[in-house]
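User: I'd like to learn how to read a structure like this one. Can you walk me through a few features?

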Amino acid sequence: MKTKHVRSAFFNGSEVNRDYYKSRDTIVAQATPKGVGAISIVRLSGRNAVNIAAGICKNKRAVDAAEPKRLLFVELQKSDGTLLDNALCVIYRSPKSYTGEDSVEFFLHGSPHIVSLTIERCCQNGARTAEPGEFTKRAFLNGRIDLTQAEGIADLIASTGELSHRAAILQREGALSKRIEKIRNRLTEMCGLIELEIDFIEQNLPVIDREEVQASLNTIKDDLTMLEHSIIRGRLAREGATVVIAGAPNVGKSTLFNMLTGEERAIVHETPGTTRDAVEAIIDWDGLTIRLIDTAGQSADFSGPDVTAVEKARHAVKSSDIVLWVIDLHEAHSQLPSEDIEGKSLIIGNKADLLGGGEEQLKNDCITVSALKGIGLEKIKSAVLERLLPEGTENITDGVITRDRHLDCVRIGREAIDRSLGVIDRGEGEELIAADLREAVDALGKIIGEVTNEDVIRRIFSDFCIGK
Ligand SMILES: Nc1nc2c(ncn2[C@@H]2O[C@H](COP(=O)(O)OP(=O)(O)O)[C@@H](O)[C@H]2O)c(=O)[nH]1
Ligand SMILES: [Mg+2]
């Protein structure tokens, strides 16, 4: 009981007051993509949603009295009473809706004209058009979801492959929130105890055992460090990886690119300098989205437009996750990559089909393939996946961080714990420990949106599309 009392005092003023951000407007937007389609959806949300919807339908009473989450046939009317569209509609009653508010969805014939007339009619009746992400923002403000779950919804919409889809679903279901909450709760509890100790200091009644606190903080610190590392997995799942094919001219880069993508995208020619613009393709390797880029051959002897092409290639290499540096095994003086990309490059020894023997030495240092004959390509795939996801990489089901925003907060939290451990080491006062722990609790709270500010909220939701 005591802890509870201390906890609420501790949080005084730092928890977000979601009511402060809430809008009383009823909002309206198209939820389906712009353009012609079989069906377009217009959704309304807010305290007057049902009223406004009823106001533009011929059978007003039926809409008002409609059973929630049941399809209802309606006749939408223009302002002069003529038919706008025969449509279906669903009403949702607060709090059992996506936003937590009263909401309505109209399923219209998919004409942009019908959609804009419907939105106009809703606005004439008191709605206003929604900002990007405003429906999801309302879901957050009404406590339906937390911030990481809202981000999970954005990721779900943007997912491109098996892994990004799975990661988004996990985040939407709260895998990351749960992991953060667990650590945050432990910290909050410790904070409570330490504040209790401060209260009892005058009576000289020690409440906490410093060694125990130290051990617990060390465990929490380890958990935060692991969470920090989980960004590698999280980011990879969410964004995929960029793999760039580079190397000297004429070593078979474009041939390899075409083989790996299964398409004749890049021009292959025996003349050096054929590829100038970087050619890109999205491929799926074991569920992971890979952006594969073929670049121009890199040579110091080039002039004219080739120089620009080489610059482009270097830029692509710089911003890549992995470089497949291709060398021609058949050439005596095969060019190896510069030192600064060694860390992220895999050497691909190409044209193995032309080898007689005696090149064993070179072959050992690289992945030997024949792009032309399609031999050894599987080895490239497994080497890339192994490099991207080394043994011991976190499993996404444990809840991983996926964004710089998360990483920044986890870091701030971990550094605060570090400082508090220093305070304990130096035998300094409880107030200092409590202040550091409070900072850590707040930093973790920012990830899930327990602690937040307008700026963060605006940034997160403005990335959504309108109507979500
Ligand atoms: N024998 C053999 N020739 C290849 C192989 N890969 C590419 N080539 C040939 O090497 C030449 C240059 O290929 P290309 O893909 O345009 O090289 P890039 O300049 O590095 O993109 C072409 O004539 C290809 O047919 C291979 O594995 N074996
Ligand atoms: Mg090429």
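User: Which helix gives the most to the shell around ligand 1?

Analyst: Helices here are DSSP runs of H or I with at least four residues, strands are E runs of at least two, and both are numbered from the N terminus. Helix α11 (residues 253-261) gives the most to the shell around ligand 1, with three residues. Keep in mind that this is a predicted model: local features need pLDDT of at least 70, side-chain atom pairs count only at pLDDT 80 or more, and totals for chains, interfaces and linings use all residues. Residues are numbered from 1 along each chain as its sequence is written, while chains are lettered from A and ligands numbered from 1 in the order in which they are written.

User: How many residues surround ligand 1?

Analyst: A residue is near a molecule if its C-beta atom, placed from the backbone, lies within 6 Å of it. Ligand 1 has 20 residues around it, and the closest are Gly-252, Lys-253, Ser-254, Thr-255 and Leu-372.

User: What order do the strands of the open sheet take?

Analyst: Two strands pair if DSSP finds at least two bridges between them. Six strands make up the open sheet, ordered β3-β4-β5-β2-β1-β6, with mixed pairing. β3 and β6 (128-129) are the edge strands, each pairing on one side only.
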